[in-house]
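The stops below are given in the order in which to select them.

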Amino acid sequence: MARLSGVDDIAIKVLMNGCEETTGKRYLDMKSVWYCASVGHAKAVADKINAAIAGYLEEHPEERGRINPEYAQTVHGNMPQGEFDAVILNYRNPRGSSALTNAMIMTRGFDESQAELCFQLCPSRSPNKVMQ
């Protein structure tokens with residue numbers, strides 16, 4: 001399994017504790033897409049997000065039923081098409097997963113109107129990647 005970097009941990013803390021400045025909406029209540037360096041990295045980040053969610057739900061039992069304990073799921077190019085489609089369908093379901101982690105698969109051609117947050121966790125010198 002890929003080693004998590006300090007950047008990953010910071011991004012997860014931002015997810016767990018941040019909110020949108022003008023509306024006050026918690027990042028935790030927003031759909032997000034996470035761009036990772038490899039499939040192993042994407043799976044590790046999803047596991048770390050889900051562990052953070054599990055801890056949060058332990059501390060905040062009133063949130064159970066509102067926040068899906070399977071908060072993050074991973075998609076990658078080696079998945080069977082049916083499994084890939086099921087993960088995307090679950091993400092699009094308002095009561096489904098809220099975070100999609102991926103490694104270079106949700107880039108060109110992916111337009112998800114529900115996604116409100118984007119976390120770029122793979123290093124890049126490309127300004128185009130950051131602006132997308």
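Start by selecting Tyr71: apart from residues up to four places away in sequence, Tyr71 touches Leu15, Tyr27, Leu28, Met30, Ile49, Asn50, Ile53, Ser97, Ser98 and Ala99, where contact means heavy atoms within 4.5 Å. This is a predicted model, in which local features need pLDDT of at least 70 and side-chain atom pairs count only at pLDDT 80 or more, while totals for chains, interfaces and linings use all residues. Residues are numbered from 1 along each chain as its sequence is written, and side-chain values use heavy atoms, with hydrogens and water left out.

Next, select Ser98, in the loop between α3 and β3. Is Ser98 buried or exposed? Its relative accessibility is 13%, so Ser98 counts as buried (buried is under 20% relative accessible area, exposed over 50%, partly exposed in between; 1.4 Å probe, protein chains only). Beyond its neighbours within four places in sequence, Ser98 contacts Met30, Lys31, Ser32, Tyr71 and Tyr91.

Now show strand β2, residues 72-75 (strands are DSSP runs of E, at least two residues, and helices of H or I, at least four, numbered from the N terminus). Ala72 and Thr74 on one side, and Gln73 and Val75 on the other, are all buried. Val75 stands opposite Asn102 of β3.

Finally, color α3, residues 81-92, through which the chain crosses from β2 to β3. This β-α-β crossover is right-handed: with the strands pointing away from the viewer, the path from the first strand over the helix to the second runs clockwise.

Methods. Pairing = 2+ DSSP bridges.
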